[in-house]
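Subject: Handover of a structure

Dear colleague,

Please find below the structure that I am handing over to you. My notes on what was found in it follow directly after.

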Amino acid sequence: MQPRNMSMSGVVDLAAVKAAQEAKAKAEQARAESARQGGGGAVSPSSLVIDVDEAGFERDVLQRSAEVPVVIDFWAEWCEPCKQLSPLLEALAAEYNGRFVLAKIDVDANQMLMQQFGVQGIPAVFAVVAGQALPLFQGAAPAEQIRGTLDQLIQVAEERFGLTGITVDPDAEGSAPVVEAPAGPHDALLEAAVQALDAGDLPGAVQAYENVLNDDPGNTEAKLGLGQAELLLRVQGLDPQKVRQDAADRPSDVAAQIAAADLDLVGGHVADAFGRLVDTVKVTAGEDRDAARVRLLELFEVVGSDDPRVTTGRAALARVLF
């Protein structure tokens, strides 16, 4: 969930002279073929963001990447950071106005694509340029940081492969006037919390969500956001390798297992996080057992009660408790 170091190292690897020349030639050939068939005209704004599945991947991503860089957003409904990042990427697709196309891939429905790209956790963002895939970053990140990465991607796509983007016609589709919903009593506080998360100000996000819950204890959005912000705050500064080694060396150490479960969830390994804590509850007693149980319930809240893995986790917890 935390943004990793955002780099264009994949682009550097991609830019080896021979590979670049071959990919550029293929892209030019594909664009020429598209022009002969009457393609390559202006597209509607809605075409800049597309949902992609395994069946349409070759057409919607690989072939399209001969005309324009395709940025891939791997997401899932249960992933809270995805709910922050995906709308931001969609807004940036509109802002860049045809310099790239955003392809959204639901990992739960497209496990094969997730495996082929080597996705270890979500949200994860990749790009395909002239048929060549490269990683961009993993986790949520501030808008300006993402813009910097996109600018590098677009520059490489243009200089190495001759991809200058596609033309967008704002009049290509009719659109109803946007009617904004009336602002709720806590919208400003919730927006402040989201902005704090985007800026990496986790204590500020926690405080903003708590401010909402002080006035409205049942606010679902604030509860979910608070759980996410607190989770990110807990794992901030941890050494993942040390945490996992401690958990492996001390299977009955509740604090070690709780820390490892937090990292599991942050990395998108939901079932592993739940299973680890269920096993810890099973082999402990007293305050230790209660600490593991409470953390597991907190992680259930972060993922969301409508996720089937939470249902499975609750059933597993009930079996070891009763």
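F274 and F300 are both buried. In this predicted model, the two residues form an edge-to-face aromatic pair, with 4.8 Å from centre to centre and 85° between the planes. Two numbers are given here because a pair of aromatic rings is described by the distance of the centres and the angle of the planes. F274 belongs to helix α12 (residues 270-283) and F300 to helix α13 (residues 286-303), so the pair ties together parts that are 26 residues apart in sequence. The whole structure holds 6 aromatic pairs. Ring pairs also join F57, F74, F117 and F126 into a cluster.

The surroundings of F74 deserve a separate remark. Setting aside residues up to four places away in sequence, F74 touches C82, I105, V107, L113, M114, F117, V119, I122, P123, A124 and F126. P123 is placed in the loop between α5 (111-116) and β4 (124-129).

Two further residues draw attention through their backbone. Most residues other than glycine have a negative phi, and most peptide bonds are trans. N97, although not a glycine, has a positive phi of about 50°, and is found in the loop between α4 and β3 (101-106). A130 is likewise not a glycine and has a positive phi of about 50°; its place is the loop between β4 and β5 (132-138). Are these residues buried or exposed? N97 counts as partly exposed, because its relative accessibility is 44%, whereas A130 is buried, with a relative accessible area of 10%.

I turn next to helix α8 (residues 202-215). Its 14 residues should span 20 Å at 1.5 Å a residue, and the end C-alpha atoms are 21 Å apart, which agrees. The buried residues of α8 are L202, A205, V206, A208, Y209, V212 and L213. Seen down the axis of α8, these buried residues fall within an arc of 165°, so they line one face of the helix. An α-helix has 3.6 residues a turn, so residues three or four places apart point the same way. The buried residues of α8 pack against α4 (80-96), α7 (187-198) and α9 (220-235). The face turned away from the buried side of α8 carries the exposed residues N214 and D215. At the start of α8, a side-chain oxygen of D201 comes to within 3.0 Å of the backbone nitrogen of G204.

Finally, helix α9 contains Q228. Q228 counts as buried because its relative accessibility is 2%, and buried means under 20%. With neighbours within four places in sequence left aside, Q228 is in contact with E80, P81, Q84, L197 and V302.

With kind regards

Note on methods: Residues numbered from 1 in each chain as written. Predicted model: local features only at pLDDT ≥ 70, side-chain atom pairs only at ≥ 80, totals over all residues. Heavy atoms only, no water. Contact = heavy atoms within 4.5 Å. Helix = DSSP H or I, 4+ residues; strand = E, 2+ residues; numbered from the N terminus. Expected span 1.5 Å × (residues − 1). Buried < 20%, exposed > 50% of the residue type's maximum accessible area, 1.4 Å probe, protein only. Arc of directions from axis to C-beta. Polar contact = N/O pair within 3.5 Å; in protein donor to acceptor, adjacent residues only side chain to side chain. Phe/Tyr/Trp six-rings, centres within 6.5 Å; stacked < 30°, edge-to-face > 60°.
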